[in-house]
Amino acid sequence: MKNILKQIIESNKQVESAEKAAAAAEIANPTTKDSRRNFLRKTAVGGIALGGFMSMSTEDTIAQATSKVSRASKPSELKITDLRYCIVQNVGRTPIIRIDTNQGIYGLGEVRDGADERYALFLKSHLLGQNPCNVEQLFKSIKQFGYHGRQAGGVCGVEMALWDLCGKAYGVPCWQLLGGRYRDKVRLYADTPESNDINEFKQKIKYRTQDQGYTWLKMDISIGMLRNSEGGVVNNKFWGGGFSQWAGDYHSYANTKHPFTAIQITPKGLDEMAKVVEEVRGVVGYEIPLSSDHYGHFDLNNGIRLGKALDKYRLAWFEDMVPWEYTDQWKTISDALETPTLTGEDIYLKEGFKALIEQRAVDIVHPDLASSGGLLETKRIGDYAEDHGIAMAMHFAGTPVSFMANVHCAAATQNFLALEHHSVDVPWWESLVKTTDGRKLIDKGYAPVPLEAPGLGIELVDEEVKKHLHPKDKSFFAPTPDWNEKRSHDRLWS
């Protein structure tokens, strides 16, 4: 322990001394411009405070000792030294990860909302000692450990953090590393506010559009609307009379795929669901795109019947009417309806989107960057869809960390339409981070793209994050030495 501290202190003293001498020589040089001279004076490196180190663990000591190292990184010598996490109570639980390096800079990423931080921790042994700027190489080495849905969360969270690190190391925004940007602000779409009182609903829509500035909205059109309507659906009582799509055991309605429930919507039920959409469209108007989602678990025939009943309201899309893997069924639905169709929030990697795109089974792809493979893979998905004349919207329901990863990807992808913002009405959500260039995180329904800020362009506000940690895990970026050791040979070929 003492030897490590001595080595750190001695190394830092040597670096500090050399930097001070070089700066002093440049300041004294008569050819140095005044602007450069002033910059050198302002950025003179101070000493590293070592008080209290003896009570820390070795890992915390090293992290603290390197925390004030110059942020002007030398990318070729960057090495990953740690991967830590905290869990925010957002959309249930959302783990944020931090990848530390030997040069005092770190990268932030996020395991998808509702996922397990261990999906990321498992990857730590594959990352230690590696240069984080080799993003694609590292992604290829760990992508075998991801899968569709939340199981991709670890790989995607690591990929986000690597791009954040790479951008910081080279001093450029992540969108620049993806090939440049197509836009300076990213359009957001938000859920319509809920209210059973039509007058209150009108006021909430006015607030959402005029005050908050959202120009694209989405609503749920669920058979749950019919729970108090006698004769609205067929065969629901067999499933216990419930309409929940989310909670239940393996044999429940919630976990039974759409073709296997035998639930049907009656003509009366279709009329009642259409009436709700008509009222919402009447309030929102036709200038604002209005998307739809969460219909319930019923088969493609009923999906087509519902779609035809709602076609006249010119909805922006029908989302996830059947599970994404049923490409042939998606093709049948899309061919039958005028309204655009969309799916993809649980698909991992471009390969998972290929059949949908190549067969034009949907009109819009809808990746969630925290499941689809991260920034570069999601851009590749968008580019592949663009080659086939298909647009891309983006699903998102996490913290501002993943939000900014989405913003950079959306800025760099030409066929992008709109990005979901799931926490519009959560008052503390934006306070979890601060932008490193002083811009607003969200401004009147758009996310300003950081034009100069390196990496993702945000830093965590530690005090705010600590206020919203998940009650079952209050740790905050604690050391994770149990995940350091690599124990298996994971190459997929002989």
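**Close-up 1. D164 and K168 within helix α7.** In this predicted model, D164 and K168 stand four residues apart in helix α7 (residues 153-170), so about one helical turn separates them; helices here are DSSP runs of H or I with at least four residues, strands are runs of E with at least two, and both are numbered from the N terminus. The two side chains form a salt bridge whose closest N and O atoms are 3.3 Å apart, the term meaning a side-chain nitrogen of Lys or Arg within 4 Å of a carboxyl oxygen of Asp or Glu. Both D164 and K168 are buried (under 20% relative accessible area, with exposed meaning over 50% and partly exposed in between, for a 1.4 Å probe and protein chains only).

**Close-up 2. K124 and D82, a salt bridge between a helix and a strand.** The closest N and O atoms of K124 and D82 are 2.6 Å apart in this salt bridge. Because K124 belongs to helix α5 (residues 124-127) and D82 to strand β1 (residues 80-88), the pair ties together parts that are 42 residues apart in sequence. K124 and D82 are both buried.

**Close-up 3. K331 and D335 within helix α12.** A salt bridge joins the side chains of K331 and D335 at 3.6 Å, N to O, and the two residues lie four apart in helix α12 (residues 327-336), so they are about one helical turn from each other. K331 is partly exposed, at 29% relative accessible area, whereas D335 is exposed, at 54%.

**Notes for the views.** Residues are numbered from 1 along each chain as its sequence is written, and side-chain values use heavy atoms, leaving out hydrogens and water. As the model is predicted, local features need pLDDT of at least 70 and side-chain atom pairs count only at pLDDT 80 or more, while totals for chains, interfaces and linings use all residues.
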